[in-house]
Amino acid sequence: QNAAQLASLDGLENITTIGKNDAGNSIWLWEMPALQSLSGLRGLAGALPGALTIQNVAQLASLDGLENITTIGKNGAGKSIWLEQMPSLQSLSGLRGLAG
């Protein structure tokens, strides 16, 4: 509910693995207009069992912080990566760890 005010995900660095929600998303960031960095997720490593979904995150310029993710599963809609309404996004280099 108050996620709209978050500018970063700092403090989550020690999380190394995550599951997925009922919709099949492992990472779902939605309606977070102040978010500028994913660096707090840099501890995540290996496979995400579900999708990476980022929607309506207007200030996020890169996906840096996701470099240690090697594979991404799918959500219920069959999507692995869904990026929507991210006008500041300039780089996908944070996904460089993906293989296959």
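1. Is E13 buried, partly exposed or exposed? E13 counts as partly exposed because its relative accessibility is 24%, where buried means under 20% relative accessible area, exposed means over 50%, and partly exposed is in between (1.4 Å probe, protein chains only).

2. Basis of the note. This is a predicted model, in which local features need pLDDT of at least 70 and side-chain atom pairs count only at pLDDT 80 or more, while totals for chains, interfaces and linings use all residues. Residues are numbered from 1 along each chain as its sequence is written, and side-chain values use heavy atoms, with hydrogens and water left out.

3. Secondary structure. The protein has five strands and zero helices, and its pattern along the sequence reads β-β-β-β-β. Both kinds of element are DSSP runs numbered from the N terminus: helices are H or I runs of at least four residues, strands are E runs of at least two.

4. Overall dimensions. The C-alpha trace spans about 30 × 25 × 25 Å along the principal axes of the protein.

5. Surface and contacts. The accessible surface of the protein comes to about 5,500 Å², and 51% of this belongs to carbon and sulfur atoms. Accessible areas come from the Shrake-Rupley method with a 1.4 Å probe; for residues, only the protein chains shown count as cover. Of the 100 residues, 34% are buried. Among contacts with a separation of 6 or more, 75% are accounted for by residues 24 or more positions apart; contact here means heavy atoms within 4.5 Å.

6. Salt bridges. The count is two, under the rule that a side-chain nitrogen of Lys or Arg lies within 4 Å of a carboxyl oxygen of Asp or Glu. Side chains of opposite charge can pair when their charged atoms come close.

7. The E13 pair. E13 and R42 meet through their side chains in a salt bridge, at 3.8 Å from N to O. E13 lies in the segment before β1 (25-30) and R42 in the loop between β1 and β2 (46-48), so this pair ties together parts that are 29 residues apart in sequence. R42 counts as partly exposed because its relative accessibility is 42%.

8. The E67 pair. R96 forms a salt bridge with E67, and their closest N and O atoms are 3.7 Å apart. R96 lies in the segment after β5 and E67 in the loop between β3 and β4, so this pair also ties together parts that are 29 residues apart in sequence. R96 is exposed, with a relative accessible area of 57%, whereas E67 is partly exposed at 22%.

9. Other surroundings of E67. Not counting residues up to four places away in sequence, E67 touches G94, R96 and G97. The side chain of E67 also reaches the backbone nitrogen of G65 at 2.8 Å. The C-alpha atoms of E67 and G46 are separated by 9.7 Å, with the two residues 21 residues apart along the chain.

10. S62. This residue lies in the loop between β3 (51-55) and β4 (69-72). A polar atom of the S62 side chain lies 3.3 Å from the backbone nitrogen of D64. For reference, a polar contact is a pair of N or O atoms within 3.5 Å; within protein, one must be able to donate a hydrogen and the other to accept it, and residues adjacent in sequence count only if both atoms are side-chain atoms. Not counting residues up to four places away in sequence, S62 touches L38, L89 and S91.

11. Nonpolar patch. I81, L83 and L92 form a nonpolar patch on the surface, together having about 230 Å² of accessible area. Patches are made of residues with over 30% relative accessible area and no salt bridge, with like charges joined within 9 Å and nonpolar side chains (Val, Leu, Ile, Met, Phe, Trp, Tyr) within 5 Å. I81 lies in strand β5 (residues 81-84) and counts as partly exposed, at 36% relative accessibility.

12. Backbone angles. N56, a residue other than glycine, has a positive phi near 60 degrees. N56 lies in the loop between β3 and β4 and is buried, with a relative accessible area of 19%. Q85 is not a glycine either, and has a positive phi of about 50 degrees; the place of Q85 is in the segment after β5.
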